[in-house]
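User: I have a fold open on my screen and would like to go through it with you. Could we begin with the strands?

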Amino acid sequence: MVKQQLIDLETKFWQAMVDQDVDTATSLLSEPAVMVSSHGAMKFDRAAYRKMADQGPMVITDFEFSNMDVVFPNDSTAVLSYHVRQTMAGRGKTAKADQITQEVNDSSTWVKDGKGWLCVMHTETPAEPKLTRH
């Protein structure tokens with residue numbers, strides 16, 4: 001039950017990015033939160049996230065999760081790990097030709113406070129291209 005709740009929250013966050021619903025996304029973030037990606041490591045508060053979401057050059061337009069797993073180190077901490085195929089486009093660009101799709105491996109750490117679960121850390125690592133034999 002709790003495992004599905006965390007998967008639903010992770011999905012809700014991603015859908016908020018697609019919908020450009022910054023209020024929903026920020027409501028799911030701990031303050032401060034941390035992100036580690038190919039752009040480096042950064043710590044930010046909700047106002048800084050809002051600025052990134054409102055002004056960043058790229059937006060998420062679609063996503064698809066696979067291999068989702070949830071680990072509970074204790075009753076108030078959950079770590080989700082999964083593969084995601086994410087499609088992005090430049091802000092304001094809507095044509096298919098403007099979109100790029102990436103395969104990445106992600107993790108998110110959620111902590112439970114008195115009000116519910118909040119995401120405190122997210123990591124993103126480019127996935128190795130899948131090799132096929134011919």
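Analyst: Six strands form an open sheet in the order β2-β1-β6-β5-β4-β3, with mixed pairing. Strands here are DSSP runs of E with at least two residues, and helices are runs of H or I with at least four, numbered from the N terminus; two strands pair if DSSP finds at least two bridges between them. The model is predicted, so local features need pLDDT of at least 70 and side-chain atom pairs pLDDT 80 or more, while totals for chains, interfaces and linings use all residues. Residues are numbered from 1 along each chain as its sequence is written, and side-chain values use heavy atoms, without hydrogens and water.

User: Which strands stand at the edges?

Analyst: β2 (40–44) and β3 do; each has a single partner strand, so one side of each lacks a neighbour in the sheet.

User: How do β3 and β4 pair?

Analyst: β3 (residues 58–74) and β4 (residues 77–90) are antiparallel over 12 bridges. They form a hairpin with two residues between them, and Asp69 stands opposite Ser81 in β4.

User: And what about β5 and β6?

Analyst: β5 (residues 99–112) and β6 (residues 117–126) are also antiparallel, over nine bridges. Val104 stands opposite Pro126 in β6.

User: Turning to the helix, which residues of α1 are buried?

Analyst: Leu6, Ile7, Leu9, Glu10, Phe13, Trp14 and Ala16 are buried in α1. Buried means under 20% relative accessible area, exposed over 50%, and partly exposed in between (1.4 Å probe, protein chains only).

User: Is Met1 buried or exposed?

Analyst: Met1, in the segment before α1, counts as exposed because its relative accessibility is 89%.
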